[in-house]
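Subject: Structure handover

Hello,

Here is the structure you will be taking over. Please have it open while you read the notes below.

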Amino acid sequence: MSFGELCSVLEKSASISSRLMKVALIAEYLRGLEGEDLEIAARFMSGDVYPRGSGLDAGVGHSMLMEAVAEVTGAPREELLEAYRRHGDLGEAARELMEARGGGALATLVQAEPLSLRGLYGELTRLARISGEGSYQRKLSRVRGLLASCSPLEAKYLVKLLLGELRTGAVEGVVEQAIAEAFGVDLEEVKRGRLLTGDMGEVAELARRGELGRLGVRPFRPLGFMLAEALASPQEAAERYPGRELIAEYKYDGIRAQLHASGGEVRIFSRRLEDVTRSFPEVVESARGLDAILDGEAVAFRDGRPLPFRELQRRLRRKDPRELMEEVPVVYFAYDALYVGGRSLLDEPLRERRRALEELLGGGRGSIAVSPRWTVRSAGEIAELFRRSRAEGYEGLMLKDPESAYELGKRGWKWMKLKEELDTIDAVVVGAEYGHGRRAGLLSDLIFAVWDGGELKVVGKAYSGLTDREIEWMTRRLKELEVRDEGLRILVRPEIVVEVAFDSVQESDRHPGGYAFRFPRIKSVRLDKGPEDADTIEKLRRLAEISRARAKAK
Ligand code: AMP
């Protein structure tokens with residue numbers, strides 16, 4: 001099966017606006033595939049090159065692709081930049097230049113066979129394995145070779161695939177639906193399969209064979225995280241669970257992490273299901289010998305108290321985490337067990353999972369601790385515990401329904417979070433303005449956006465609360481991502497996620513997203529999150545509700 005065909009389907013799908021028709025088109029295409037072809041096609045379509053959690057990463061960034069496109073098309077750098085700025089999309093720019101220049105010098109020389117899906121995937125796997133000295137040049141030369149054997153349309157999609165640009169929520173949903181339709185299986189089963197395997201390819205092939213139902217939990221295959229809704233007040237929690245007990249835990253300000261250990265091996269996955277094992281050597285050491293999958297938070301922690309998130313971030317920015325291991329020690333606070341000793345606990349109620357967790361870890365194990373927990377029954381008890389958590393340096397409380405199963409990849413009221421500030425939002429930086437005075441020449445005012453369906457809508461601008469060094473870093477990064485220079489401000493590719501704090505939010509027509517914040521400020525740069533993890537307009541609607549409720553209560 002050819003890559004070209006896949007590209008034609010993607011191109012056609014992008015040109016139709018009806019979701020149902022997109023689904024039908026992709027379903028028809030997938031129905032004609034099987035085995036490895038189907039796996040690769042479904043995975044590519046959902047925006048992933050490799051199965052998530054496979055540890056494979058092409059390691060091909062924007063600048064390498066620019067270089068490769070320039071060489072293959074023979075276009076001078078200025079012309080490429082100009083095309084890129086015009087489209088705001090390097091894939092589209094590559095296609096235009098290739099069309100204009102007759103497909104590139106190399107392509108005409110080596111009239112190659114059409115690129116097959118398997119051939120391309122094999123090549124991309126080899127690409128991921130290149131490491132060590134001179135790897136940039138070796139990777140560049142492979143990417144160049146690949147692009148040279150592409151038609152203009154194939155080049156467009158190869159570039160977008162390598163940049164992760166096909167990976168937006170909307171596309172993923174459409175592919176899931178198409179798999180369900182193509183192979184006559186339940187959409188919920190497809191979604192669950194996706195959350196269990198992290199790989200749309202495997203899900204598609206299992207759906208075709210009618211074997212989705214047999215999927216289970218397996219160590220080293222990351223699972224979608226369960227997420228919480230934000231509470232306006234302790235009263236709200238009590239009202240949602242009248243007369244019921246809730247499990248309360250500290251809300252840690254660290255990095256959500258899923259720890260997999262089995263057969264002497266350990267791996268840690270971030271919320272994006274990326275392998276972040278290298279960042280936490282002390283946790284890895286402590287986890288050796290376990291046979292479990294745990295959910296919890298990696299927290300910078302010293303002398304019995306949590307350190308600010310900023311400290312953890314400082315450590316994560318280092319190439320070698322060991323440099324700051326002593327100064328910024330990390331403790332992994334486990335608060336859930338998803339799998340222990342060969343058995344999945346996903347469908348067990350939380351109180352059982354907690355019991356299993358405590359049995360497994362006892363009083364803790366090196367740099368792994370069991371998150372303390374309390375049972376609370378009333379708004380008064382919640383409020384008191386909340387004050388205690390704040391006094392001890394935590395962000396607030398998590399309140400959880402003890403009877404709830406672990407819902408993969410879902411945000412809901414089974415888990416609730418209570419913070420002092422109104423909850424923060426995770427937004428994507430889409431542009432930035434130059435600062436004044438001491439910050440002249442630095443991009444210190446960030447324009448940020450959240451998702452509305454498949455689109456990013458600008459919802460505000462914040463003078464960043466970042467340190468000088470962070471602003472310098474941000475300015476450099478933003479310049480790399482620049483797509484348009486508008487003089488006083490630049491627009492950038494949506495890649496950086498920031499956590500924005502604010503006093504309140506309300507409906508407003510000041511920004512395209514339809515909301516405005518009071519005193520927005522950048523709280524942190526979330527290197528652990530990607531644009532697809534950013535929040536949605538839905539969340540702002542909910543926050544505006546909470547803002548109103550809190551204003552009234554005052
Ligand atoms: P959000 O990302 O907005 O859903 O906020 C919830 C986040 O709080 C989770 O993703 C975790 O990273 C974090 N968190 C901190 N402490 C806990 C806890 N005890 N239980 C669950 N999540 C927690």
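What follows covers the domains and then the ligand site.

This is a predicted model: local features need pLDDT of at least 70, side-chain atom pairs count only at pLDDT 80 or more, and totals for chains, interfaces and linings use all residues. Residues are numbered from 1 along each chain as its sequence is written, and side-chain values use heavy atoms, with hydrogens and water left out.

An automatic or database domain assignment divides the chain into domain 1 (49-163), domain 2 (227-410) and domain 3 (424-553). The centres of domain 1 and domain 2, taken over C-alpha atoms, are 40 Å apart.

The ligand is surrounded by 15 residues, where a residue counts if one of its heavy atoms lies within 4 Å. The closest are Glu249, Arg271, Glu297, Arg411 and Lys417.

Polar contacts are pairs of N or O atoms within 3.5 Å. A nitrogen atom of the ligand lies 2.8 Å from a polar side-chain atom of Glu249, and a polar backbone atom of Tyr250 is 3.0 Å from a ligand nitrogen atom. For Arg256, a polar side-chain atom lies 3.0 Å from a ligand oxygen atom. Alone, the ligand exposes 480 Å², and the protein buries 93% of that (Shrake-Rupley method, 1.4 Å probe).

Regards

Methods:
A polar contact is a pair of N or O atoms within 3.5 Å; within protein, one must be able to donate a hydrogen and the other to accept it, and residues adjacent in sequence count only if both atoms are side-chain atoms.
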